[in-house]
Amino acid sequence: MILEVEVGPDRGQRYVVGPTGARIGRDSSNDFVIHDLSLSRFHCRIYVTPEGQTRVADLGSTNTTEVNRQPIQDVVLMPGDRITIGDTVVRVLGNTAPPAAVITSDTLAVAPPPTVSHPAPEVPNLFDTSAGETGGSKHLPKTLWLGLMAVIVVAIMAAMFKAGLFEANKRIATPGAPLTGLEIQYEKVQATASNIFRYALSLSGNTLIARIDNLDNSRHATRDKKVDLQTLTPLIQRLESSGFFALQDDYPGMAQDVLDSWDLTITLGVRVKRVHVVNRVEPEVFAAVRAMVEEFGKDELGLAALSLPPERLIELARDAMLQGKKIYDEREVSFGNLYKALKAFHEADVYLETIDPKPDFYAQVRGGQTDAKRDLQQRYDDRDFRAERAVKLSDWADADKQLRIILEMIPEREDERNKQAQVKLMDVERHLKR
């Protein structure tokens, strides 16, 4: 399916959505990046169902996604539809031949337009029985030749699908390998005459995004994180055996004075299932899967605190700030104390994210983060310099000592500084063994 930007900063740009779909937003990791500041980092996703439908799903965006001026969560796209995202309007052109220069979701490359016009080359005649003979040759019509080649290609692809050579994520699964191919779009809305609470969560690739809106206390928060694919393995295994894909699509209720809505779409490999429950007791299987998804989001993004009242959040933030100050004052006692202090100050900042106005000690929280981050980087730079110098002098014992101090200073394995120290230490240990 071809998309063309009609309105917005990228007006005139065309995109081709391949069979693997495409994610659209401002962030550079999207398949299609649109330079519109009113877009969310990950705004919406276009995907193709096993039945061949092309659909668009909102990814919990701030300004929503509209199709033909109607807000949507997940709908089928048809040629001629117009998708509004932020200040950008994208028109669906349909499955026509792409122009010479487009961005595709499969190659993510821009093909340069031809600079010289040439007639189309003659199609080679593989069925010419008169090769080497003089006189007229017996050529099959070009249309018939193309038709035969198309039949051959389709037959080969069908055989490959039957043999399992094509996977949804273009990967052959091996025992113990991290499972991929999981995408989740989830929205919970609980509304009464006096309040609306909305929780939206999106997992696409390894990007997890959550949005919470609570009108009662005017709290709005968005969190996102790159998830380690290893952490998805147990979730995928539980979803596989949950029975979710055997549920009905809709479970409507009768209540009129409230709104309790759960809308969950799970893509697992080539399977896509959307279940919508409104104003009724959730089916047991759905309730278990929904709780599983919510728990995963809370664990990965630290969302549990957002359900607490503002007074409790301020109390927790004050305790974390005081703990951070205490550890920072003891930074000479242990190499790891600066990192612990930085984590405590960050925790206090997270507690205060949705509090407005901020409490009087908020400046101490931000100042503590700045000081701890600066001091930690300076001490890391010093130890890294010492380690490099020891390596150049072949003083492997000292290099080993400095690198182990770095690992104690920065224990978080996902931190790039920790990763670099681990790699260097492996090389140093080889020299020590010699």
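User: What should I know before I start?
Analyst: This is a predicted model, where local features need pLDDT of at least 70, side-chain atom pairs count only at pLDDT 80 or more, and totals for chains, interfaces and linings use all residues. Residues are numbered from 1 along each chain as its sequence is written, and side-chain values use heavy atoms, with hydrogens and water left out.

User: What is the mean pLDDT of the protein?
Analyst: The mean is 79, and 78% of the residues reach 70 or more. pLDDT is the predictor's confidence in each residue, from 0 to 100.

User: Which elements have the lowest and highest mean pLDDT?
Analyst: Helix α1 (residues 142-163) has the lowest, 51. Helix α7 (residues 396-409) has the highest, 96. Helices (H or I, at least four residues) and strands (E, at least two) are DSSP runs, numbered from the N terminus.

User: Where does pLDDT stay under 50?
Analyst: Residues 106-140 are one such stretch, with 35 contacts beyond four places in sequence. Residues 160-180 are another, with 23 such contacts. Contact means heavy atoms within 4.5 Å. Where pLDDT is low, the predicted coordinates should not be read in detail.

User: OK, sheets. What is the strand order in the sheet of 7 strands?
Analyst: The order is β16-β15-β14-β13-β18-β19-β17. The sheet is open and its pairing is mixed. Two strands pair if DSSP finds at least two bridges between them.

User: Which strands stand at the edges there?
Analyst: β16 (219-226) and β17 (250-252) do. Each has a single partner strand, so one side of each is left without a neighbour in the sheet. The twist averages 5° from one strand to the next.

User: How many bridges join β15 to β16?
Analyst: There are 8, and β15 (residues 207-214) runs antiparallel to β16. R211 has T222 in β16 as its bridge partner.

User: Which helix lies across β13?
Analyst: Helix α2 (residues 229-240) does, at about 75° to β13 (182-191). α2 also lies across β14 (196-204), β18 (259-268) and β19 (271-278). Axes are lines fitted to C-alpha atoms, for helices over the stretch in contact, and angles run from 0 to 180 degrees between N-to-C directions.

User: And what about the sheet of 5 strands?
Analyst: That open sheet runs β4-β3-β5-β6-β9, with mixed pairing. β4 (32-33) and β9 (74-76) stand at its edges. Antiparallel strands β3 (residues 22-25) and β5 (residues 44-48) are joined by 3 bridges. I24 is partnered by C44 in β5.

User: Now helix packing. At what angle do α2 and α3 pack?
Analyst: About 175°, with the axes 11 Å apart. α2 and α3 (residues 284-301) are therefore roughly antiparallel. Angles under 35 degrees count as roughly parallel, over 145 as roughly antiparallel, 65 to 115 as roughly perpendicular and the rest as oblique.

User: Which residues make that contact?
Analyst: From α2 come T231, L232, L235, R238 and L239. From α3 come V289, M292, F296 and E300.

User: How far apart are the axes of α7 and α8?
Analyst: They are 9 Å apart, at an angle of about 155°. The two helices are therefore roughly antiparallel.

User: And α6 with α8, parallel or antiparallel?
Analyst: α6 (residues 362-392) and α8 (residues 416-433) pack at about 20°, with axes 12 Å apart. That makes them roughly parallel. Residues in this contact include Y380 and D384 of α6 and Q420 and K424 of α8.
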